[in-house]
Amino acid sequence: MSSQKTVAAILVLCMIMTTTLHASEIDDVSCPEAISNLLPCLTFLTGFLPPTPSAECCTGATNLFNKANTTPILRSVCQCLKDASTRFGVKPDRAAQLPQLCHINLSFAISPTVDCSKIQ
């Protein structure tokens, strides 16, 4: 297994274990489910190759944000992903690029400084 795949596998395992311990139900989307949808994006979001998200990443992100169809769910998903991104070293510039590169229309920026409580 290449070192990039090993690092990604370790990050995924840590992410699942940590979020499972702190699993809060996000209405119809649990925090672990939200993160699980974005697992194919992990190498992109942490700055490893490829320089663009994979088709599987975009499918997962699209599925997640289609499920997050109310303001309370969007706020909860936002907070879940914000917390996870700081714990697992997501690169802010990569996170900000994800919606555009995956053709997802979000009402908020994906950023470590976003105020999730202000999402409409």
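Here is a friendly walk through this predicted model, in questions and answers.

Visitor: What should I know about the numbering and the model before we start?
Guide: Residues are numbered from 1 along each chain as its sequence is written, and side-chain values use heavy atoms, with hydrogens and water left out. The model is predicted: local features need pLDDT of at least 70, side-chain atom pairs count only at pLDDT 80 or more, and totals for chains, interfaces and linings use all residues.

Visitor: In what order do the elements of the chain run?
Guide: Helices (H or I, at least four residues) and strands (E, at least two) are DSSP runs, numbered from the N terminus. The chain has 6 helices and 2 strands. From the N terminus on, the order is α-β-β-α-α-α-α-α.

Visitor: How much of the chain is buried?
Guide: Buried means under 20% relative accessible area, exposed over 50% and partly exposed in between, with a 1.4 Å probe and protein chains only. The chain has 120 residues, and the part of them that counts as buried is 38%.

Visitor: What span does helix 4 reach?
Guide: Helix 4 covers residues 55-67, which is 13 residues. The expected span of a helix is 1.5 Å times one less than its number of residues. From first C-alpha to last, helix 4 is close to that expectation, reaching 18 Å.

Visitor: Why do the buried residues of helix 4 line one face?
Guide: The buried residues here are C57, C58, G60, A61, L64 and F65. The arc is that of the directions from the helix axis to the C-beta atoms. Seen down the axis of helix 4, the buried residues line one face because they fall within an arc of 160°. On the other side, the exposed residues are A55, E56 and N66.

Visitor: What covers the buried residues of helix 4?
Guide: Contact means heavy atoms within 4.5 Å. The cover includes strand 2 (29-30), helix 2 (31-38), helix 5 (71-87) and helix 6 (92-101).

Visitor: Is helix 2 roughly parallel or roughly antiparallel to helix 4?
Guide: Axes are lines fitted to C-alpha atoms, for helices over the stretch in contact, and angles run from 0 to 180 degrees between N-to-C directions. Under 35 degrees counts as roughly parallel, over 145 as roughly antiparallel, 65 to 115 as roughly perpendicular and the rest as oblique. Helix 2 and helix 4 pack at about 150°, with axes 7 Å apart. That makes helix 2, relative to helix 4, roughly antiparallel.

Visitor: Which residues of helix 4 make the contact with helix 2?
Guide: Helix 2 contributes E33, A34, N37 and L38. From helix 4 come G60, A61, N63, L64 and K67.

Visitor: Is D28 buried or exposed?
Guide: D28 is found in the loop between strand 1 (25-26) and strand 2. Not counting residues up to four places away in sequence, D28 touches E33 and I73. At 63% relative accessibility, D28 counts as exposed.

Visitor: Which peptide bond is cis, with omega near 10°?
Guide: Look at P50, in the loop between helix 3 (42-45) and helix 4. The cis bond runs from L49 to P50.

Visitor: Against what do the buried residues of helix 6 pack?
Guide: In helix 6, R94, A95, L98 and P99 are buried. They cover an arc of only 145° around the axis, which puts them on the same side of helix 6. Those buried residues pack against helix 3 and helix 4.
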